[in-house]
Amino acid sequence: MSKPLNIGMIGYGFMGRAHSNAYAKVSHFFDLKYHPVLKAVCARDAEKAKAFAAQWGYESVETDWKNLLKRDDIDAVDICTPNNLHREIAIAAAKAGKMVLCEKPLSMDAKEGEKMVDAVEKAGVPNMVWYNYRRVPAVMFAKNLVAAGKLGRIFHYRAKFLQDWTISADLPQGGQGLWRLDAAAAGSGVTGDLLAHCIDTALWINGSIKDVSAMTETFVKERKHNLTGKMEKVGIDDACAFLARFKNGSLATFESTRYARGHKALYTLEINGEHASIAWDLHDLHRLQWFDHRDEGPLRGWRSIHVTDGDHPYMGHWWVPGLAIGYEHSFVHQVADFLEGLAKKKPAGPTFRDALETQYVCDAVLKSAKTGKWTAVGK
Ligand SMILES: NC(=O)c1ccc[n+]([C@@H]2O[C@H](COP(=O)([O-])OP(=O)(O)OC[C@H]3O[C@@H](n4cnc5c(N)ncnc54)[C@H](O)[C@@H]3O)[C@@H](O)[C@H]2O)c1
């Protein structure tokens, strides 16, 4: 008999929907010792919260997250709010003895992140950060191939995350939907929003980063602020590119922008090793490209592996071989791993402590972009 795990989710935007979908689906496809129960959703607008609760099947609503934390019938708090609220909610939730699932990036900067790690570890509560791309089957497969030594020594890691939605200078900053353009709510621009994903995947697959050399640019310097109605300075990085050296001796390039006309969410990664290379692309997320120099000469070439077979990561839980799954399934997998970790008392990563490593890299990137110097990754 699986035990209920009562979820209290804060924020019901893009991620609120992705997580609610994952909680709703996970027990249908995975046999687990716990099953999530959609106990409460919290949002400031009571009417909208009620409508969301009705649509997604939450039992109750709260309009102040502090009241959610006081409830005895909530086991796990899920933070789906803009970045500037992560710290306060996560620390209060840990103090209230709740498990904490927090959206990425963990925090506005590493200093905040350290306090959050401290809080969950002192309270001894299970915790996790939603770096969901780890749980795309083709990405997990890539991780497994590297971990098994199939590529041999790693020479290069290359990652990009390209979008094109903020090019218009008329787009305002701040408030619902556009908090990402407001440094006070987001912390940083593409570095914390998009590169954080690339960095998390890279650290997980290829180990720690030693130092970085970065450049950033803010192409539109002033935008109207939705909350004040005034033109205000834009404090986020619109684009960021950086070089990195991993502790294992490999070299990396990372690039992200919201000004790459034609690209919507083009997260790509490529890893070149001594024997083989792999490449992955979010727009074609169920495929992994593989090149193996050890193949027989005339047959050597890039192979496009359709990562949908029963022996591919997670795929045995879904349909039949050859049928693709999508973006939303990465969240289902993350919930499944979290629940399995709970049952085995072996936390599924990335924990807050794992995600803090990404914050150190982001801080070093932003510092390097300011100083124009190679910068060691902190701590
Ligand atoms: N894992 C991923 O791939 C991924 C993708 C998108 C966003 N995110 C992260 O998820 C978080 C939310 O992003 P989003 O795209 O869902 O944003 P969103 O703007 O769609 O939703 C944010 C939600 O937070 C709510 N909110 C704001 N202040 C609140 C408060 N004081 N109390 C309760 N609710 C409040 C808003 O009403 C809204 O429902 C961010 O940290 C973001 O970086 C992660």
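Two residues are taken to be in contact if their C-beta atoms, placed from the backbone, lie within 7 Å. The model examined here is predicted. Its chain is assigned two domains, domain 1 (3-132) and domain 2 (133-376). Their centres, taken over C-alpha atoms, are separated by 23 Å. Across the boundary, 37 residues of domain 1 are in contact with 39 residues of domain 2.

On the domain 1 side, helix 1, strand 2 (34-42), helix 5 (110-123) and strand 6 (127-129) each supply at least two of the residues that touch domain 2. Helix 1 gives the largest share, eight residues. By residue class, this side of domain 1 comprises 24 nonpolar, eight polar and five charged residues.

Six strands form an open sheet with parallel pairing, in the order 3-2-1-4-5-6. Strand 3 (60-62) and strand 6 are the edge strands, and each pairs on one side only. On average, neighbouring strands of the sheet are turned by 25° against each other, direction ignored. Strand 2 and strand 3 pair over three bridges, in the parallel sense. Ala 40 has Ser 60 of strand 3 as its bridge partner. Helix 4 (residues 86-95) packs on the sheet and touches strand 1 (3-10), strand 4 (76-79) and strand 5 (99-102). The direction of helix 4 makes about 165° with that of strand 5.

Technical notes
Residues are numbered from 1 along each chain as its sequence is written. This is a predicted model: local features need pLDDT of at least 70, side-chain atom pairs count only at pLDDT 80 or more; totals for chains, interfaces and linings use all residues. Domain bounds come from an automatic or database domain assignment. Helices (H or I, at least four residues) and strands (E, at least two) are DSSP runs, numbered from the N terminus. Ala, Val, Leu, Ile, Met, Phe, Trp, Tyr, Cys and Pro count as nonpolar, Asp, Glu, Lys and Arg as charged, and the others, Gly among them, as polar. Two strands pair if DSSP finds at least two bridges between them. Axes are lines fitted to C-alpha atoms, for helices over the stretch in contact, and angles run from 0 to 180 degrees between N-to-C directions.
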